[in-house]
Amino acid sequence: QDHLISATQLSRADIEAVLDRAAEIDADVGAWQGRRDGTVLGLCFFEPSTRTRMSFDTAMKRLGGRTIDMGSVESSSVKKGETLADTVRVIEGYADALVLRHPSEGAAKMATEFVDVPLVNAGDGAGQHPTQTLLDLYTMRENAGLDDVTVGIMGDLKYGRTVHSLAAALTNFDVRQHFVSPESLQLPRSVRYDLHESGAQVREHTDLDEVLSDLDVLYVTRIQRERFPDENEYRKVAGEYQIDTDDLDAAKDSLTVMHPLPRVDEIAPEVDETDHAKYFEQAHNGVPVRMALLDMLLENAEGGSQ
Ligand code: CP
């Protein structure tokens with residue numbers, strides 16, 4: 001595929017191809033140094049990021065390439081009113097591939113109309129975050145498997161783009177999905193409709209206790225404060241869904257706890273010391289997974305295997 005905009009583009013075979021290549025990279029990362037010598041990746045982040053920006057940066061450099069970074073909105077010509085279309089049109093002249101994060105849903109798809117180089121959606125508002133999903137699936141496959149597993153996804157299901165991408169990707173696997181959230185933050189209608197159409201095994205809950213003991217994976221998400229039109233609505237749900245080690249007494253010993261990070265207060269720091277906690281490993285998996293994805297997109301842009 002030319003661009004990666006949404007996890008809904010990805011078949012099981014696509015996902016497994018990326019995860020398998022990431023596993024090869026993980027096994028001997030040094031062997032991949034120099035594979036993309038001279039390649040330049042453009043980082044265009046119109047919203048804050050730590051993990052996605054830095055792991056793409058590391059991924060490109062570990063493949064032997066370099067990155068150029070647009071910087072923040074404040075320090076770039078976006079501040080002077082330059083449009084997204086003009087910005088990506090200019091940066092594609094400096095780079096062989098682009099990574100774009102933007103606060104507007106649909107921004108990445110729109111940007112593909114203005115560029116010929118591969119473009120990766122690194123998060124578009126409350127829309128999609130497909131590379132987060134690939135590293136989530138990599139972590140899940142390593143720790144719990146991806147078939148005949150029960151996954152709980154808890155927190156902000158309305159505005160959480162990592163949730164929207166993950167839920168779509170999991171429909172490719174034999175996964176029972178349980179969604180846990182306050183009523184005001186349930187899945188958007190479009191995501192629920194797509195899940196229903198896919199025939200996925202899906203249930204929705206407002207109380208984690210209804211399902212915790214059945215789960216193989218618990219994927220916790222942050223309430224996306226920055227996306228609430230009304231701060232009062234955020235305050236009504238802030239802090240409602242938190243887990244600590246006492247809560248996890250009811251879980252399977254083998255439960256894998258994940259979180260795309262950053263966290264605020266959804267997971268008590270004491271959980272970090274348990275065998276359940278895989279969220280830092282998950283964040284670190286962003287490098288081999290993004291190396292694999294970049295390599296495959298660039299390979300495709302060149303018209304085949306190296
Ligand atoms: N998980 C994630 O997208 O983190 P950043 O916002 O720090 O990139």
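**Entry 1: two domains**

I began with the gap between the two domains: the centres of domain 1 and domain 2, taken over C-alpha atoms, are separated by 25 Å. The domain bounds come from an automatic or database domain assignment. Domain 1 covers 7-125 + 286-302, and domain 2 covers 130-283.

Before going on, I noted that this is a predicted model, where local features need pLDDT of at least 70, side-chain atom pairs count only at pLDDT 80 or more, and totals for chains, interfaces and linings use all residues. I also noted that residues are numbered from 1 along each chain as its sequence is written.

**Entry 2: where the domains touch**

How many residues does each domain put into the contact? I found 18 residues from domain 1 and 16 residues from domain 2. Here two residues are in contact if their C-beta atoms, placed from the backbone, lie within 7 Å.

On the side of domain 1 that touches domain 2, α1 (12-27), β4 (119-124) and α10 each supply at least two residues. The helices (H or I, at least four residues) and strands (E, at least two) are DSSP runs, numbered from the N terminus. The largest share of that side, five residues, comes from α1. I sorted that side by class and got ten nonpolar, five polar and three charged residues. For the classes, Ala, Val, Leu, Ile, Met, Phe, Trp, Tyr, Cys and Pro count as nonpolar, Asp, Glu, Lys and Arg as charged, and the others, Gly among them, as polar.

**Entry 3: α1 against α5**

Next I followed α1 to helix α5 (residues 130-143); their axes come within 10 Å and cross at roughly 70 degrees. Axes are lines fitted to C-alpha atoms, for helices over the stretch in contact, and angles run from 0 to 180 degrees between N-to-C directions. So I wrote down α1 and α5 as roughly perpendicular to each other. The cut-offs I used: under 35 degrees is roughly parallel, over 145 roughly antiparallel, 65 to 115 roughly perpendicular, and the rest oblique.

The crossing of α1 and α5 is right-handed. That word applies if the near helix is turned clockwise from the far one by less than a right angle, and left-handed if anticlockwise. Ile15, Val18, Leu19 and Ala22 of α1 make the contact with Leu134, Leu137, Tyr138 and Arg141 of α5. I sorted these into seven nonpolar, no polar and one charged.

**Entry 4: α10 and its neighbours**

α1 also packs on α10, at an angle of about 120 degrees and with the axes 8 Å apart. That makes α1 oblique to α10, and their crossing is right-handed. From α1 I listed Val18, Arg21, Ala22, Ile25 and Asp26, which meet Pro288, Val289, Met291, Ala292, Leu293, Asp295 and Met296 in α10. This contact has nine nonpolar, no polar and three charged residues.

Then I looked at helix α2 (residues 51-62) and helix α10 (residues 286-302), whose axes come within 8 Å and cross at roughly 60 degrees. That makes α2 oblique to α10, and α2 passes α10 in a right-handed crossing. Among the α2 residues that meet α10 are Arg51, Phe56 and Met60. The residues of this contact divide into six nonpolar, three polar and three charged.

**Entry 5: the ligand**

Which residues are around the ligand? I found Ser49, Thr50, Arg51, Thr52, Gly123, Gln132, Pro260, Leu261 and Pro262. The cut-off for near is a C-beta atom, placed from the backbone, within 6 Å of the molecule or strand. The shell holds three nonpolar, five polar and one charged residue. Why does the ligand lie between the domains? Domain 1 and domain 2 both give residues to the shell, so it lies between them.

The peptide bond from Leu261 to Pro262 is cis, with omega near 5 degrees. I placed Pro262 in the loop between β9 (256-258) and α9 (279-284).

Asp148 has a positive phi of about 55 degrees although it is not a glycine. I found Asp148 in the loop between α5 and β5 (149-154).
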